[in-house]
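Student: I'm new to this one and would like a close look at a single part of it. Could you walk me through it slowly?

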Amino acid sequence: MADLPEKRAAFMDWYLAVVEAANLTDKRYPVKGMNVWTPYGFQARRRLDELMIREIEATGSTPVEFPTLIPETEFQKEAEHIKGFSAEVYWVTKGGSSALDIPLVLRPTSETAMYPIFAIWIRSHKDLPLNVYQIVNTFRYETKTTRPFLRVREIHFFEEHTCQATEDLATQRVRSNLAAFAQMAQALCLPYMAVRRPDWDKFAGAYYSIALDIPVGEARTLQIGSIHHYRENFSRPYEIRYEAPDGSQSYVHQTTFGLSERLIGAVVAVHGDGKGAAFPTSIAPYEVVIVPIPGRSPTTDTVGLANEAARRLRAHGRRVHVDTSDERPGAKYYRWELAGVPLRIELGARELEHKEASCTDRRGTKGSFPLDRLEEEVDRRLAQYDSAIYDAARAQFRSAFALARTLRELAGSVHVRVIAWCGSEACGHAVEEAIDGSLLGTPEGELPLDLPKLEKCLACDAREGLRWALAGRSL
Ligand SMILES: [Zn+2]
């Protein structure tokens with residue numbers, strides 16, 4: 001196989017080559033933007049789903065599932081929402097050969113499917129909070145070039161929808177979602193920024209939107225998730241009301257939290273390198289691959305040794321694959337590096353004789369250990385590997401940001417730019433023009449670089465209402 005393109009200089013070429021070589025998805029399905037999940041890629045997706053389920057359920061959310069088709073009449077109840085989505089929805093207009101009385105939308109997101117039913121479910125303050133989530137496929141007619149995991153028309157979507165009694169409680173739910181995402185990102189070894197989007201770039205119908213962004217390639221950013229506060233923007237048109245203990249009626253305040261298979265794209269983008277993909281242990285389809293190396297003597301049963309090691313590791317809760325294919329060991333090593341398997345164990349005649357195992361992690365760290373310590377050594381080496389890829393990702397993350405003091409410094413930037421901004425839309429647009437990208441918004445947490453005192457807006461020199469903001473080009 002040819003060498004991979006250079007990651008930093010030709011990020012998207014590199015990314016597409018890695019996704020294909022690692023066999024995570026098959027792009028040959030004859031509908032653009034709708035990829036086939038391969039057996040290997042599906043395992044990563046299932047692990048990701050499990051991670052999302054674990055963390056969201058720890059915050060008191062319950063799974064539900066709503067239908068894929070939404071009547072046009074429900075879809076059109078919230079004006080901003082329709083404006084935001086109408087250009088990218090798929091319509092179902094026929095049942096068999098007859099036209100449907102009410103056309104149906106293939107859900108692009110599920111507000112308009114869920115909220116008419118929430119209005120029935122919620123009657124009293126005792127029905128609150130309502131915290132539910134679903135993991136389903138959603139559909140958006142993407143007109144830009146589609147990319148596996150990053151920009152697709154059929155999206156594997158995690159969406160939480162909540163109803164709270166007050167605006168403050170909804171704000172607390174946003175905080176709780178941010179904390180849950182921090183746990184998920186830690187398991188994926190992914191550094192990220194939570195960024196409050198400017199008003200002109202928030203989700204259609206939201207009061208405000210917090211995006212979860214990561215830097216990728218040169219000056220590019222990728223949104224890997226979002227959390228929205230809706231206030232009463234949807235509960236009013238959908239009439240989701242509750243009766244308070246004093247008998248008064250109030251509208252609920254709503255929030256949503258959205259994630260998708262983009263997280264798999266993000267894992268490839270951040271941890272991958274010149275040798276291919278690199279999975280963190282948490283979502284690796286196989287955590288360990290064992291390669292038996294045939295001995296010269298037919299009595300050297302390295303396959304038996306490998307199968308026994310795999311049995312022990314599986315009993316210990318590890319996902320293991322024994323590669324007994326006909327390829328030469330070197331070809332196997334190369335293939336599993338491309339596929340991003342965290343730890344490879346090699347078992348040959350020498351290992352059999354000394355009752356030990358040789359191993360190499362995906363970063364190239366080699367070692368050997370006695371086979372009677374197999375389980376604990378694998379645990380220890382996987383933990384070390386995760387910690388090493390997290391450190392490398394953090395260093396890469398820090399080096400992606402740089403301060404810009406003038407509009408001129410934004411042009412041709414290879415960094416995500418940190419700027420002082422007065423908050424005005426006019427200055428925001430001046431920034432977007434200068435960087436040929438987006439004003440991403442204001443960071444919710446600490447920025448990964450030392451900053452001077454805020455002095456003046458880089459666009460208008462104003463000294464009032466200043467805040468730090470991020471600007472970059474989205475992928
Ligand atoms: Zn300004």
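Student: Which residues does S438 touch, not counting residues up to four places away in sequence?

Tutor: Keep in mind that this is a predicted model. Leaving out anything up to four places away in sequence, S438 touches D201, E432, A471, G472, R473 and S474. As for where S438 sits, look for strand β22, which covers residues 438-443. S438 counts as buried because it has 20 C-beta neighbours inside 10 Å, and 20 or more is what it takes to be called buried.

Helix α9 runs over residues 329-338, and its buried residues are K332, W336, E337 and L338. The cover over those buried residues includes α1 (11-21), β15 (288-292) and β17 (343-347). Just after α9 you'll find G340, with a positive phi of about 80°.

Then there's a pair of helices to compare. Helix α8 (residues 302-315) packs with helix α11 (residues 374-398) at an angle of about 70°, and their axes are 10 Å apart. That angle makes α8 roughly perpendicular to α11. The crossing of α8 past α11 is right-handed. On the α8 side, A309, R312 and L313 meet L374, E375 and V378 of α11. Sorted by class, this contact has 4 nonpolar residues, 2 charged ones and no polar ones.

Conventions
Residues numbered from 1 in each chain as written. Predicted model: local features only at pLDDT ≥ 70, side-chain atom pairs only at ≥ 80, totals over all residues. Axes fitted to C-alpha atoms, helices over the stretch in contact; angles between N-to-C directions. Helix = DSSP H or I, 4+ residues; strand = E, 2+ residues; numbered from the N terminus. Parallel < 35°, antiparallel > 145°, perpendicular 65-115°, else oblique. Left-handed = near helix turned anticlockwise from the far one by under 90°. Contact = placed C-beta atoms within 7 Å. Nonpolar A, V, L, I, M, F, W, Y, C, P; charged D, E, K, R; others polar. Buried ≥ 20, exposed ≤ 12 C-beta atoms within 10 Å, placed from the backbone.
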